[in-house]
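Grab the sequence and the 3D view, and let's work through a few exercises together. Try each task yourself before reading its solution.

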Amino acid sequence: MYKPNEREYRSLGAFEASEDSDVLVIRGTPIVFNSPTVLWVEDEIEYKEVIDPHALDECDMSDFILNRNHGINDGTVYARTRNGSLAYEILPDRMDIKGTLDNNDERHCNLYRDVQKKLVDKMSFSFVCFPVDQGGYIYDPATHTRTIKRIKKLYDVSAVDFPAYNDTSITTARSFFEEEHRKEFKALEQRRRRQELIIKTFI
């Protein structure tokens, strides 16, 4: 069952690198609003998610970091809002970030090089949204779409080597959609049985 306090991961936006007066800068778009993304498919049904344009209005963004692959196998913090090396801008259709890297740190130079060569060109972000009873999200069973309405905390934005929704990144979302799929299937089965009962009654 979906637990609202579990961190979730999403891969959406793009990355690019630029060099400003010998300072290594990478820019990216970790969050895109109003862009339905298929997170899970079951019985040929696509379960989708959308980030509402106002989802970040109440989000705690006081201290989040830029890392690579969410720190898996690499605990390097490349930039951070707290020290001013990571800046962000929320626009009507997306959130953009700008990370200023340390050109004296080989790890930073390697990330910059990989982004510049487009070996790494996608972004991801990790977050926790408010629970459903606090308006964190709504689910539309007709379209099988969950809309994230209120993100509580943004933890990191990340350069990702493989932006696909793998088992690690969608565990929480998948458990939510699996539960919805189970309930929808159960409702369909109950409806089918009622119809059979009605038919038998009039035969």
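**Exercise 1.** Find which side chain is joined to Asp 114 by a polar contact, and work out whether Asp 114 is buried or exposed.

*Solution.* Start with the side chains: Asp 114 and Arg 68 are joined by a polar contact of 3.1 Å (a pair of N or O atoms within 3.5 Å; within protein, one must be able to donate a hydrogen and the other to accept it, and residues adjacent in sequence count only if both atoms are side-chain atoms). This is a predicted model, where local features need pLDDT of at least 70, side-chain atom pairs count only at pLDDT 80 or more, and totals for chains, interfaces and linings use all residues. Residues are numbered from 1 along each chain as its sequence is written, and side-chain values use heavy atoms, with hydrogens and water left out.

Asp 114 has 8% relative accessibility, so it counts as buried (under 20% relative accessible area; exposed is over 50% and partly exposed in between, with a 1.4 Å probe and protein chains only).

Finally, skip the neighbours within four places in sequence: Asp 114 then touches Arg 68, Leu 119 and Val 120 (contact means heavy atoms within 4.5 Å).

**Exercise 2.** Work out how the rings of Phe 64 and Tyr 88 are arranged, and which parts of the chain they tie together.

*Solution.* First, the geometry: the centres of Phe 64 and Tyr 88 are 5.6 Å apart and their planes make 50°, a tilted aromatic pair (rings of Phe, Tyr and Trp, its six-membered ring, pair if their centres lie within 6.5 Å; planes under 30 degrees apart are stacked, over 60 edge-to-face, the rest tilted). Then locate them: Phe 64 is in the loop between strand 4 (45-51) and strand 5 (65-68), and Tyr 88 is in strand 7 (residues 86-90), so the pair links parts 24 residues apart in sequence. Last, check the cover: Phe 64 is buried at 0% relative accessibility, while Tyr 88 is partly exposed at 37%.

**Exercise 3.** Find Val 38 and say how far its C-alpha atom is from that of Lys 48.

*Solution.* Go to strand 3, residues 37-42, where Val 38 sits. Now jump 10 residues along the chain to Lys 48: the two C-alpha atoms are separated by 4.2 Å. To finish, Val 38 is partly exposed, with a relative accessible area of 33%.

Technical notes: Helix = DSSP H or I, 4+ residues; strand = E, 2+ residues; numbered from the N terminus.
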